[in-house]
Amino acid sequence: DFGDAVLSNTDLRFAKIKACNFSHAKLENSLFFKQTLKKTSFEGANITNTDFRESVIEGSSFRKAIMDSATFRKTSFKDCDLTGVRAIASDFGGTHLATCNLSKSNFADSDLRFAVLIGANLKSASLKHANLTCADLREAQLTGTNFWGASLRKSKIQGPVMISILPYTLLGKVFFPIQRLLKKRKQAREK
């Protein structure tokens with residue numbers, strides 16, 4: 001049990017971590033590179049600038065964790081809870097987050113290029129100015145999600161929920177690329 005522990009600047013790359021509790025721990029600038037984490041709790045932990053690149057994270061909780069400037073590039077999350085996390089300017093490029101709960105989280109200014117978010121719960125999440133180029137958001141729950149200024153170039157967004165969120169959350173710069181995408185799809189269906 002490492003709850004409330006101060007483990008800043010710790011190299012955990014070769015540690016065997018299984019069903020561990022890091023709740024409310026201070027893990028800034030730590031290394032979890034290529035770790036396999038199952039049923040591990042990071043609830044309320046500060047993992048600012050921590051490196052989780054190419055890790056496999058399963059059945060773990062990051063609820064309300066502070067993840068600013070953290071690196072999760074090419075990490076695979078399975079059945080994880082990231083409700084209410086703050087991940088400003090973090091790197092989630094190529095990360096697999098399908099079916100994860102990301103509701104009420106803040107991913108402002110984050111890199112989510114090529115991220116797989118199929119079926120993810122992004123209700124009321126903030127993706128302001130996030131880079132979602134080539135991201136896969138098919139069947140994601142997007143009600144109340146803030147895409148203000150986000151880059152959605154070549155991203156995949158489809159499913160019944162997309163249409164219901166357009167008038168409410170896709171404003172400014174983002175509204176028009178999606179409107180063109182919907183128009184193209186409608187024209188293709190009519191042919």
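Here are some questions and answers on a predicted model. Residues are numbered from 1 along each chain as its sequence is written, and side-chain values use heavy atoms, leaving out hydrogens and water. Local features need pLDDT of at least 70 and side-chain atom pairs count only at pLDDT 80 or more, while totals for chains, interfaces and linings use all residues.

Q: What pattern does the chain follow along the sequence?
A: Let's take helices (H or I, at least four residues) and strands (E, at least two) as DSSP runs, numbered from the N terminus. The chain has 2 helices and 3 strands. Read in sequence order, that gives β-β-β-α-α.

Q: Which residues have the most contacts inside the largest nonpolar core?
A: A nonpolar core is a set of buried Ala, Val, Leu, Ile, Met, Phe, Trp, Tyr and Cys residues joined through side-chain atoms within 4.5 Å. Buried means under 20% relative accessible area, exposed over 50%, and partly exposed in between (1.4 Å probe, protein chains only). The largest such core has 47 residues. Its most-contacted members are Phe 42, Phe 62, Met 67 and Phe 77.

Q: Which phenylalanines does Met 67 touch, leaving aside neighbours within four places in sequence?
A: Contact here means heavy atoms within 4.5 Å. With those neighbours set aside, the partners of Met 67 include Ile 47, Leu 82 and Val 85. The phenylalanines among them are Phe 62, Phe 72 and Phe 92.

Q: How many disulfides does the rule count?
A: A disulfide is a pair of cysteine sulfur atoms within 2.5 Å. Cys 80 is in none, as the nearest cysteine sulfur, that of Cys 100, is 5.0 Å away. Both are tucked in: Cys 80 is buried at 3% relative accessible area, and Cys 100 is buried at 1%. The disulfide count is 0.

Q: Is Lys 64, with its positive phi, buried or exposed?
A: Phi of Lys 64 is near 60°, though the residue is not glycine. Lys 64 is found in the loop between strand 2 (56-58) and strand 3 (76-78). With a relative accessible area of 63%, Lys 64 is exposed.

Q: Where is His 129?
A: His 129 is another non-glycine with a positive phi, about 60°. With a relative accessible area of 41%, His 129 is partly exposed. Its place is in the loop between strand 3 and helix 1 (160-169).
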